[in-house]
Amino acid sequence: MENILSVKDLNVYYGVIHAIKNISFHVGRGEIVTLIGANGAGKTTTLQTISGLIPAKSGEVIYEDSDILKVPGFKLVSRGLAHVPEGRRVFADLSVYQNLMLGAYTRSDKEGVEKDLHMVYERFPRLLERREQRTGTLSGGEQQMLAMGRALMSKPRLLLMDEPSMGLSPIYVNEIFEIIKKINADGVTILLVEQNAKKALSIADRAYVLETGKIVLEGNARELMEDPKVKSAYLSE
């Protein structure tokens, strides 16, 4: 399988703190790959470094055969890499429609944008119902759907998702994970950071376990679900 993303020997510092310690991993085109780990393990930092939001000290981030480590984040969107950040980061004072259209700001193909807007509304019917509504009035689950829809408006080939289930009710959590599976089935590769390890492993092809900035385990997601270390650390009820 061809890799859409290869991270090699990545090191990231916050001042003197060595947050990411020489990690290497890859994401094959068409896969769902998840990074799991406790709070502070370095999962969000890894995604932010890949998408150009945090500078790295050293290493490589190869996306579609180019090293993008020094490419600013706003330029990566037009190259097919989108990031749904932790905490959703939607524009509360704008309407649902306006938020979605901001996702397409790098595109000039009006017909394609209109087609993708209809696709997003089909996938998220609640966004269609609330398209004129101020985003700040949406529930947490609806705001998460909007953040995902906005990212899809950029027509990504690789979608980075950071904690999509955070703060959501169990009903919304199930719905969000079903949508992630459908997005992947439509041909979008997904790198998923998620504290709900059980849910993440249930939909992923492969997984990496991060502990204090290092990858300590990797493998087939189903097999990791049965790994005693993973079970005791991340899957206990």
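Me: Which strand is D9 in?
Reply: D9 sits in strand β1, residues 3–14. Keep in mind that this is a predicted model.

Me: Is D9 buried, exposed or partly exposed?
Reply: Partly exposed, because D9 has a relative accessibility of 41%.

Me: Where does E163 sit, and what is its phi?
Reply: E163 is in the loop between β7 (158–162) and α7. Its phi is positive, about 50 degrees, although E163 is not a glycine.

Me: Buried or exposed, that E163?
Reply: Buried. The relative accessible area of E163 is 4%.

Me: Switching to helices. How do α6 and α7 lie against each other?
Reply: Helix α6 covers residues 140–152 and helix α7 covers residues 170–185. Their axes come within 10 Å and cross at roughly 15 degrees. Angles under 35 degrees count as roughly parallel, so α6 is roughly parallel to α7.

Me: Left-handed or right-handed crossing?
Reply: Right-handed, as α6 passes α7.

Me: Which residues meet there?
Reply: From α6, they are G141, E142, Q144, M145, M148 and L152. From α7, they are Y172, E175, I176, I179, I180 and I183.

Me: How many of those are nonpolar, polar and charged?
Reply: The contact of α6 with α7 has eight nonpolar residues, two polar and two charged.

Me: Tell me about L152. Buried or exposed?
Reply: L152 belongs to helix α6. It counts as buried, at 4% relative accessibility.

Me: What about S154, where is that?
Reply: S154 is in the loop between α6 and β7. It is buried, with a relative accessible area of 8%.

Me: Which residues does S154 contact?
Reply: V77, A82, G103 and R107, leaving aside neighbours within four places in sequence. S154 and L100 are 9.4 Å apart, C-alpha to C-alpha, and 54 residues apart in sequence.

Me: New topic, strand β4. Where is it, and is I62 in it buried or exposed?
Reply: Strand β4 runs over residues 58–63, and I62 is part of it. I62 is buried, with a relative accessible area of 19%. Buried means under 20%, so I62 falls in that class.

Me: What does I62 touch?
Reply: I4, L5, S6 and D67, not counting residues up to four places away in sequence. I62 and I4 are 58 residues apart in sequence, but their C-alpha atoms are 7.9 Å apart.

Me: And Y63, buried or exposed?
Reply: Y63 is in strand β4 too. It is buried, with a relative accessible area of 2%.

Me: Which residues are its contacts?
Reply: Leaving aside neighbours within four places in sequence, Y63 is in contact with I4, L5, I68, R79, G80, L81, R157 and L158. I4 and L5 are also among the contacts of I62.

Me: Last one, helix α10. Which residues are buried?
Reply: Helix α10 is residues 228–235, and V230, Y234 and L235 are buried in it. They are on the same side of α10, because they cover an arc of only 70 degrees around the axis.

Me: Why would residues in a helix point the same way?
Reply: An α-helix has 3.6 residues a turn, so residues three or four places apart point the same way.

Me: What's on the face turned away?
Reply: The exposed residues P228, K229 and S232.

Me: And what covers the buried residues of α10?
Reply: The cover includes strands β3 (32–36), β9 (206–211) and β10 (214–220). Helices α8 (197–203) and α9 (221–225) are also part of that cover.

Notes. Residues numbered from 1 in each chain as written. Predicted model: local features only at pLDDT ≥ 70, side-chain atom pairs only at ≥ 80, totals over all residues. Heavy atoms only, no water. Axes fitted to C-alpha atoms, helices over the stretch in contact; angles between N-to-C directions. Helix = DSSP H or I, 4+ residues; strand = E, 2+ residues; numbered from the N terminus. Parallel < 35°, antiparallel > 145°, perpendicular 65-115°, else oblique. Left-handed = near helix turned anticlockwise from the far one by under 90°. Contact = heavy atoms within 4.5 Å. Nonpolar A, V, L, I, M, F, W, Y, C, P; charged D, E, K, R; others polar. Buried < 20%, exposed > 50% of the residue type's maximum accessible area, 1.4 Å probe, protein only. Arc of directions from axis to C-beta.
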